[in-house]
Amino acid sequence: MKKRGFWYRAFDLYYDGFRNMTLGKTLWAIILIKLFIMFAILKVFFFPNFLKTHTEKGGEAEFVSQELTKRVNN
């Protein structure tokens, strides 16, 4: 029996596990859909681009620097 590398054996373990999975494929699909909803859709509606609304183009670094120094001094 020939020994193979760690990465090949790890890949083979996961590949074989996912191939023989029945209920798990449905669960992984649900997980991926939930991640898409959390990161793509919720970001658009609940997390606007704060720097874009409070600075002009190219002034982001200066704005962040001023905000940080204000917080440290207070």
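This briefing walks through the fold, the surface and a few residues of one chain. The structure is a predicted model, in which local features need pLDDT of at least 70, side-chain atom pairs count only at pLDDT 80 or more, and totals for chains, interfaces and linings use all residues. Residues are numbered from 1 along each chain as its sequence is written, and side-chain values use heavy atoms, with hydrogens and water left out.

**Overall fold**

- You will find 4 helices and 0 strands in the chain, where helices (H or I, at least four residues) and strands (E, at least two) are DSSP runs numbered from the N terminus.
- Read from the N terminus on, the order of elements is α-α-α-α.
- The chain is more spread out than a compact globule, because its radius of gyration is 23 Å, well over the 11 Å that the globule rule gives for 74 residues.
- That radius is taken over C-alpha atoms, and the globule rule is 2.2 Å times the number of residues to the power 0.38.
- The C-alpha trace spans about 65 × 30 × 25 Å along its principal axes.

**Surface and charge**

- Of the 74 residues in the chain, 4% are buried; here buried means under 20% relative accessible area, exposed over 50%, and partly exposed in between (1.4 Å probe, protein chains only).
- The accessible surface of the chain is about 7,600 Å², and carbon and sulfur atoms account for 67% of that surface.
- Accessible areas come from the Shrake-Rupley method with a 1.4 Å probe, and for residues only the protein chains shown count as cover.
- The chain carries 12 positive and 6 negative charges, whose mean positions are 15 Å apart.
- For this count, Lys and Arg are positive and Asp and Glu negative, while His and the chain ends are not counted; each charge is placed at NZ of Lys, CZ of Arg, CG of Asp or CD of Glu.

**Aromatic pairs**

- The structure holds 3 aromatic pairs: rings of Phe, Tyr and Trp (its six-membered ring) pair if their centres lie within 6.5 Å, and planes under 30 degrees apart count as stacked, over 60 as edge-to-face and the rest as tilted.
- One of these pairs is stacked, with Phe-11 and Tyr-15 at 5.7 Å centre to centre and 20 degrees between the planes.
- Phe-11 and Tyr-15 are 4 residues apart in helix α1 (residues 6–19), so about one helical turn separates them.
- Phe-11 counts as exposed at 53% relative accessibility, and Tyr-15 counts as partly exposed at 46%.
- Another pair, Phe-18 and Trp-28, is edge-to-face, at 6.0 Å centre to centre with 65 degrees between the planes.
- This pair links distant parts of the chain, with Phe-18 in helix α1 and Trp-28 in helix α2 (residues 23–46), 10 residues apart.
- Phe-18 is partly exposed at 36% relative accessibility, and Trp-28 is partly exposed at 42%.

- Thr-55 sits in the loop between α3 (50–54) and α4 (60–73), and it counts as buried because its relative accessibility is 17%.
- Leaving aside neighbours within four places in sequence, Thr-55 is in contact (heavy atoms within 4.5 Å) with Glu-60 and Phe-63.
- Tyr-8 lies in helix α1 and is partly exposed at 43% relative accessibility.
- The C-alpha atoms of Tyr-8 and Glu-56 are separated by 50 Å, and these residues are 48 residues apart along the chain.
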